[in-house]
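Subject: Structure for you, with notes

Hi,

Here is the structure I said I would pass on.

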Amino acid sequence: MTGWRRLITPRPCRLLTSTVAAGALLTTGCGVVLGLPGGSGDTVTVMTWAPDTPGAAVNMAGMPAMARTYARWINDRGGIDGHELRVLTCNEGDSPMGASKCARQAVAEDVVAVVGSYSRHGRAVLAPLEAAGIPYIGGYGASADEFTSYLSYPVNGGQSALLAGNGEQLAADCDRVSLVRPDSLVGDGMPGLVDMSLTRADRPASFDIVAPEKATSYDSQAAEALEKAGDGCVTAVLGKGTETFFDSFRRLEPENSGVRISSVLGSVGQPLIDRTGGRNSPFEGAYVTGWYPESGDARWKPMRQVIRKYAFGDNRIDPDDTGVQTTWIAYTVLRTVIEALDQETITAGGVSVSLNRGTEVDTGGLTPVLRWRFQDTVGSAAYPRIVNGRVTFQVVRGGRLVADRKGFVDVTETLVDARIRG
């Protein structure tokens, strides 16, 4: 259960602080952004973590960079309900040890929440947070633990919702589907979600093709996917390996092939499409299932304006990146909760109690209105913390991800009914 935590004075950063003009922001080498004193309430300290290692298998440097940009913007506007926002960041390193270190730092710094973060090592980060009563708001959805922990407040349905949605998106046009997925425990659960949506539409179950998570070529898997799909569809969900798979696929694909390709955001996104040739990209025409509106949607305009003015040319922040978008939404949740509390002192316990009691968060149409009461969850034992079971259908057209269907598609029923294998 959640409770009110004893207030602890945060340990000061031992690195030198550079001072800027009065009314501007202070930044420090220890990964902190905070405003100068003068607000009507206490400073609110939060943390955002993500793997931040160029060239690594997972590099989500844009998420902590977006968090710091958000702090510059909101503090320039007087903070959140008069509270200066202090953002700590941590390089999670995509390892259990690094993730646990970040979580312990969050506890030691007495943060009121961890916001808009990425980690594939859910237990390593959520166990320390649960012990300290610190809420985890708007994680990326990379860990199953984010959808089971009682102190997690996800803003999307994670990869499970994307897979359920991908099956429904493909069912409209594909007689047969080859699913290429990783040979892992997470991968073992993918066919059940895709197939549930396919069979609901009276389509046959997908052909399950297992692939290594890290490979320099996927020729054998691509050949098998082509053979079994016929003139249907091939969908690949291999994370960073998805690009490598479709390189192999395009080399083997017969000329004038009628097969359609597909994936989900996180495996394919606008930055990857841009990097691989835009309108000449191998992903031209691909179906892609996402959590949010396409990146060119007008509802992203406020975020883009903040990035242009306050990111100071930080090229780690790509407004088309799903991690950056998730961080923006997560900080929108934090802002709404603090404003709803309307208190001089904000605590971790106060934030979680407010969320549990039904504080509504309007994200400007980027998600449905979010609320985390028990009755707002999808009602699935496998995903007890999901409150947003909606996805978007997109397609790559002219080198851009655009809407394949207007509005959100609700896959909650599939999430409740699907039986995960493994």
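Below is what I found, starting with confidence and overall makeup and then going region by region.

Keep in mind that this is a predicted model. The average pLDDT of the protein is 89, and 89% of the residues score at least 70. Where pLDDT is low, the predicted coordinates should not be read in detail.

**Overall makeup**

The protein has 422 residues, and 57% of them count as buried. Its secondary structure consists of 13 helices and 16 strands. If you take the contacts between residues at least 6 apart in sequence, 69% of them join residues at least 24 apart. The exposed surface comes to about 17,300 Å², with carbon and sulfur atoms supplying 50% of it.

In soluble globular proteins, nonpolar side chains tend to be buried together. Here the largest nonpolar core has 79 residues, and the members that touch the most others are Val46, Leu85, Trp328, Tyr331, Val333, Leu334 and Trp372. Which helix gives this core its largest share? That is H11 (residues 322-341), with 10 residues. Apart from this core lies another one of 25 residues, including Ala225, Ala229, Val234 and Phe245.

Leaving aside neighbours within four places in sequence, tryptophan 328 is in contact with Met66, Tyr70, Trp73, Trp300, Pro302, Met303, Val306 and Leu366.

**Helix H12**

H12 covers residues 348-356 and is mostly covered, with eight of its nine residues buried. Those eight are Ala348, Gly349, Gly350, Val351, Ser352, Val353, Ser354 and Leu355.

**The disulfides**

There are two disulfides in the structure. One joins cysteine 90 and cysteine 102, with the sulfur atoms 2.0 Å apart. This link is left-handed, at -85 degrees about the S-S bond. Cysteine 90 sits in strand E5 (residues 85-91) and cysteine 102 in helix H2 (residues 96-108), so the pair ties together parts that are 12 residues apart in sequence. Both of these cysteines are buried.

The other disulfide is formed by cysteine 174 and cysteine 233, whose sulfur atoms are 1.8 Å apart. At -70 degrees about the S-S bond, the link of cysteine 174 and cysteine 233 is left-handed. The pair links distant parts of the chain, 59 residues apart: cysteine 174 is in the loop between helix H4 (158-171) and strand E9 (177-182), while cysteine 233 is in strand E11 (residues 233-236). Cysteine 174 and cysteine 233 are buried too.

**Two residues to look at**

Threonine 69 is in helix H1 (residues 62-76). Is this residue buried or exposed? Buried counts as under 20% relative accessible area, and threonine 69 therefore qualifies, at 0% relative accessibility. Beyond four places in sequence, threonine 69 is in contact with Val306, Ile307, Tyr310, Ala311 and Ile317. Aspartate 314 is 245 residues away from threonine 69 in sequence, yet the two are 9.3 Å apart in space, C-alpha to C-alpha.

Aspartate 195 belongs to helix H6 (residues 190-200). Its relative accessible area is 15%, so aspartate 195 is also on the buried side of the 20% cut-off. Once neighbours within four places in sequence are set aside, aspartate 195 is in contact with Ala205 and Ser206. With serine 206 there is a polar contact between the two side chains, at 2.7 Å.

That is what I have for now.

Cheers

Note on methods. Residues numbered from 1 in each chain as written. Predicted model: local features only at pLDDT ≥ 70, side-chain atom pairs only at ≥ 80, totals over all residues. Heavy atoms only, no water. Helix = DSSP H or I, 4+ residues; strand = E, 2+ residues; numbered from the N terminus. Buried < 20%, exposed > 50% of the residue type's maximum accessible area, 1.4 Å probe, protein only. Polar contact = N/O pair within 3.5 Å; in protein donor to acceptor, adjacent residues only side chain to side chain. Contact = heavy atoms within 4.5 Å. pLDDT = per-residue confidence, 0-100. Areas by Shrake-Rupley, 256 points an atom, 1.4 Å probe, with all protein chains shown as cover. Core = buried A, V, L, I, M, F, W, Y, C linked by side-chain atoms within 4.5 Å. Disulfide = S-S within 2.5 Å.
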